[in-house]
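Here's a walk through one predicted model, taken a feature at a time. Keep the structure open beside you as you read.

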Amino acid sequence: MMKIYSHILLVFFLLLFNNIAGAKIVLPSFFCDNMVLQQQSNVPIWGKSEKNSNIILFTSWNKKTSFTKADENGRWKIFVQTPKAGGPFTLTIKDKETVILSNVMIGEVWFCSGQSNMEMPMRGFKNQPVLNSNEILITADNSNLRLLTINRNASINVSDTCSGKWQISNSETAKEFSAVAYQYGAMLQKKLNIPVGIIVSCWGGTTIQSWMSEETLNGFSEIKKIVISDSTKDKHKFSSTLFNGMIAPIVGYGIKGFLWYQGESNRHEPELYGKLFPAMVTSWRNLWDTKTILPFYYVQIAPFGGKDTTRSGKHLREAQLKAMKSIPDAGMAVTLDIGDETFIHFPDKTTVAKRLLYWALAKTYNYKGIEYSGPVYKYIKIENNKVNVYFDYTENGLTSFGKELQNFEIAGANKIFYPAMAKINDDKSVQVSNDEVKNPAAVRYAFKEYVKGDLYNNAGLPASSFRTDNW
């Protein structure tokens, strides 16, 4: 009886508002058929209409009708409560005309951003493949996985519009979607067995400054303000332009958390990056303005050929490692063992996606028994001419999978580093020594531009490169 009454009430209000002056509803492109809304949340739906017009919104999952009024600029926003994961549902939005959004799912939504290694699609880049892409695409048909790519848009002013629509995952749509983000979403959907939505907003060859708001960057004297115009070429390379065009328009969309893969374009300024990165995370979280801190999981850039001496990947990786301590509810996926000396776009994006997923499953979804971090340097003990290096995240021990550890170096007070003999101890430390260094003072591990990591914990997760000195 209540169900019939709700439908009668909706029809009544639709007829009532149909006789009131209004205009066509204009929605952001991402409020569309096939979208995913974050479950068990108070999510906003917004758009534009004629100024001061009356807006009603009906949600099929709870048969509730919500009302609001557009402001003097025609803008309006309505918050709706979402249930546990499920669907498909419909949203009906009414002004003078009626807009019906169909095949809407309720589930988990993740926002993914960064530069080219996040952007790299399942099909790969020209002459740069994604490992096992065709095999992965065979199983891409999944109506419970929805994909949204925010199209490229560099803007000199903060924009309230962007383009890009939700698509249902299949071999064709997944082929053009971010390989990291797609595989993360597919594995998450399979594990949770509920609808999952993945949003990607990225652009290759961009610095972190492009993704930060002007207000946030104003707090850094190192950032020189450059005035640009609509005619400026390569606007995406300037500060705030991608925040304005590809982040600001979707700020507030209900999400569970963030994934971030960027840093290659900041290898020339690792110290500054170490300051900017935490500031960006804080600003994004504040803009989304949720009651809880949204988790932020990111990928440490992989080792890459070191011919360009103006850039320092090892110091950028160090800045990203330190960020795990300065950013609350953050986690880093280490890629020290899967980089490519020749191609910055290394092919193994499956391992990247898995390592991000481990963080989410263990820390966000509270699955027990899943390890999520590789060994993280903790402290050293110097005994005679040997150094024992201790780590966090080694509950079940360390391993090199039977291979000789080749990436440790040791130095005395003269700051000259020598290749070290390294062996794993029973107490889950690594003993490091070299006969040339009688009074050791510092140890480094894989602290080079290009290197293949060889130290793992027993879960098979690699240690990041690190150094105990600050020379």
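## The second largest pocket

Let's begin with the second largest pocket, which is lined by 29 residues, with Leu217, Ile226, Phe238, Ser239 and Ser240 lying nearest its centre. The elements that give two or more residues to this lining are α6 (214–217) and α7 (241–247). The volume of the second largest pocket is about 690 Å³. By class, its lining has ten nonpolar, 13 polar and six charged residues.

Some ground rules. This is a predicted model, where local features need pLDDT of at least 70 and side-chain atom pairs count only at pLDDT 80 or more, while totals for chains, interfaces and linings use all residues. Residues are numbered from 1 along each chain as its sequence is written, and side-chain values use heavy atoms, with hydrogens and water left out. A pocket is an open set of points on a 1 Å grid over the protein atoms alone, with protein on both sides within 12 Å along at least five of seven lines; a cavity is a set where a 1.4 Å probe fits but cannot get out, and lining residues have an atom within 4 Å of a point. Points are joined across faces, edges and corners, and a volume is the space filled by probe spheres set on them. Ala, Val, Leu, Ile, Met, Phe, Trp, Tyr, Cys and Pro count as nonpolar, Asp, Glu, Lys and Arg as charged, and the others, Gly among them, as polar. Helices (H or I, at least four residues) and strands (E, at least two) are DSSP runs, numbered from the N terminus.

How many cavities of 30 Å³ or more does a search of the whole structure find? It turns up three. The largest has a volume of about 50 Å³, and its lining includes Met332, Ala333, Arg355, Tyr358 and Trp359. β13 (330–333) and α10 are the elements that give two or more residues to that lining, and α10 supplies the largest share, three residues. The residues there divide into eight nonpolar, two polar and one charged.

The second largest cavity comes in at about 40 Å³. Around it sit Glu264, Arg267, Ile301, Ala302, Phe304, Gly313, Ile344 and Glu449, a lining of four nonpolar, one polar and three charged residues.

The expected span is 1.5 Å times one less than the number of residues. Is α10 mostly covered or mostly open? It's mostly covered, with 13 of its 16 residues buried; buried means under 20% relative accessible area, exposed over 50%, and partly exposed in between (1.4 Å probe, protein chains only). At its start, a side-chain oxygen of Asp348 comes to within 3.4 Å of the backbone nitrogen of Thr350. After α10 comes Asn366, with a positive phi near 60 degrees.

Helix α8 (residues 270–288) has 19 residues that should span 27 Å, and its end C-alpha atoms are 27 Å apart, which agrees. Asp289 follows α8, and its phi is positive too, near 50 degrees.

## A four-stranded sheet

An open sheet of four strands runs in the order β18-β17-β21-β23, with antiparallel pairing. β18 (417–419) and β23 (466–467) stand at the edges with a single partner strand each, so one side of each is left without a neighbour in the sheet. Two strands pair if DSSP finds at least two bridges between them. Strand β21 (residues 442–445) is joined to β23 by two bridges, and Tyr445 has Phe466 of β23 as its bridge partner.

Most residues other than glycine have a negative phi, and most peptide bonds are trans. Asn127, though, has a positive phi near 60 degrees, and Asn132 has one of about 60 degrees. Asn127 lies in the loop between α2 (116–119) and α3 (133–137), and Asn132 is found in the loop between α2 and α3. Asn127 is exposed at 67% relative accessible area, while Asn132 is partly exposed at 42%. Elsewhere, a cis peptide bond joins Gly87 and Pro88, with omega about 5 degrees; Pro88 lies in strand β6 (residues 86–94).

Finally, Thr394 is in the loop between β15 (386–392) and β16 (398–399). It counts as buried, at 7% relative accessibility. The side chain of Thr394 reaches the backbone oxygen of Phe391 at 3.4 Å.

Conventions
Polar contact = N/O pair within 3.5 Å; in protein donor to acceptor, adjacent residues only side chain to side chain.
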